[in-house]
Amino acid sequence: IATLASHGITLRQKAGPLLSDLAQRIGLTVHMAVLENNEALLVAKVEPSGTPPVATWVGKRIDYHCTSLGKALIAWMSEDEIQRLVKERHMLRHNENTISTLARLKEDLMRTRRAGYDVDDEEEELGIRCVGAPVLGVSGKVEAAVSVSGTVDQIRPEDLARMGAVVQEAAFEMSRSLGWSPTNVAPRPVCAP
């Protein structure tokens with residue numbers, strides 16, 4: 001627990017200014033999470049001034065299968081790891097939009113790999129959309145994920161590609177602040193811009 005807490009603090013320290021910049025630039029709440037005990041654990045939250053508060057907090061645990069943060073964290077896991085995760089944690093259904101089968105989760109994760117970002121389209125909470133992307137560590141592996149959250153009026157379907165690109169760009173900057181480089185030997189999940 002102490003190691004994870006320390007890791008979360010390091011992530012917040014290194015990515016903090018970039019999280020704030022993203023929140024101000026896009027005008028939505030920004031979250032950062034790490035994977036702990038097969039759940040996404042929020043380690044940072046930034047709300048831009050003048051926006052309604054979002055009911056989340058640092059330390060909140062969220063599901064891996066129905067949030068953009070969770071799916072960005074697990075999208076580059078092996079098939080065996082994903083099957084183990086589903087077997088251990090299951091997939092709690094929050095509403096009719098929640099991904100609740102392994103086949104559907106795999107389809108969503110393949111889209112995430114192709115696009116480099118993931119979308120929670122009212123899967124955890126009706127009326128809320130989120131767009132998240134992976135943050136890579138020095139080895140090129142996913143260390144964390146960053147997302148923007150808003151209402152369905154703030155993040156419309158026609159905005160998803162643009163927001164995905166903005167979040168992915170911010171995630172790359174955060175990755176670089178953690179020591180990742182496009183020249184690292186380990187395979188990286190997404191192509192550098």
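Helix α4 of this predicted model has 14 residues, and its first and last C-alpha atoms lie 20 Å apart, close to the 20 Å expected at 1.5 Å a residue. The expected span of a helix is taken as 1.5 Å times one less than its number of residues. Helices (H or I, at least four residues) and strands (E, at least two) are DSSP runs, numbered from the N terminus. Within α4, the residues L105, D108, L109 and T112 are buried. They cover an arc of only 100° around the axis, which puts them on the same side of α4. The arc is that of the directions from the helix axis to the C-beta atoms. Buried means under 20% relative accessible area, exposed over 50%, and partly exposed in between (1.4 Å probe, protein chains only). The cover over the buried residues of α4 includes α2, α3 and β4 (118-121); contact here means heavy atoms within 4.5 Å. After α4 comes G116, with a positive phi near 90°.

L102 also belongs to helix α4. At 25% relative accessibility, L102 counts as partly exposed. Its contacts, apart from neighbours within four places in sequence, are I82, Q83, V86 and M91. L102 and Q83 are separated by 19 residues in sequence, and their C-alpha atoms by 7.7 Å in space.

Residues are numbered from 1 along each chain as its sequence is written, and side-chain values use heavy atoms, with hydrogens and water left out. Because the model is predicted, local features need pLDDT of at least 70 and side-chain atom pairs count only at pLDDT 80 or more, whereas totals for chains, interfaces and linings use all residues.

Helix α3 (residues 79-89) has I82, L85 and V86 as its buried residues. They cover an arc of only 95° around the axis, which puts them on the same side of α3. The face turned away from the buried side of α3 carries the exposed residues D80 and K87. Among the elements that cover the buried residues of α3 are α2 (68-74) and α4 (102-115). H90 follows α3 and has a positive phi, near 60°.

C66 is located in the loop between β3 (61-62) and α2. With 0% relative accessibility, C66 counts as buried. Neighbours within four places in sequence aside, C66 is in contact with K71, H94, T98, D120, E123 and E124. The C-alpha atoms of C66 and L105 are 8.9 Å apart in space, while the two residues are 39 apart in sequence.

Helix α5 (residues 160-177) contains 18 residues, which at 1.5 Å a residue should span 26 Å; its end C-alpha atoms are 25 Å apart, which agrees. The buried residues of α5 include L160, M163, G164, V166 and V167, as well as F172 and M174. Just after α5, G179 takes a positive phi of about 105°.

The largest pocket has a volume of about 460 Å³. The elements that give two or more residues to its lining are β1, α2, β5 (128-136) and β6 (142-151). The largest share, four residues, comes from β6. In total, 26 residues line the largest pocket, and H31, V54, T56, I128 and S149 lie nearest its centre. On a 1 Å grid over the protein atoms alone, a pocket is an open set of points where a 1.4 Å probe fits, with protein on both sides within 12 Å along at least five of seven lines; lining residues have an atom within 4 Å of a point. Grid points are joined across faces, edges and corners, and a volume is the space filled by probe spheres set on the points.

T29 is part of strand β1 (residues 29-36). T29 is buried, with a relative accessible area of 2%. Beyond four places in sequence, T29 is in contact with K45, V46, E47, P48, V54, S147, V148 and S149.

Overall, the secondary structure comes to five helices and six strands, in the order α-β-β-β-α-α-α-β-β-β-α from the N terminus. Of the 193 residues, 49% count as buried. Among contacts between residues at least 6 apart in sequence, 59% join residues at least 24 apart. The mean pLDDT (the predictor's confidence in each residue, from 0 to 100) is 87, and 89% of residues reach 70 or more. Over residues 1-6 the pLDDT is below 50, and this stretch has three contacts beyond near neighbours in sequence. Residues 185-193 also stay under 50, with 21 contacts beyond four places in sequence.
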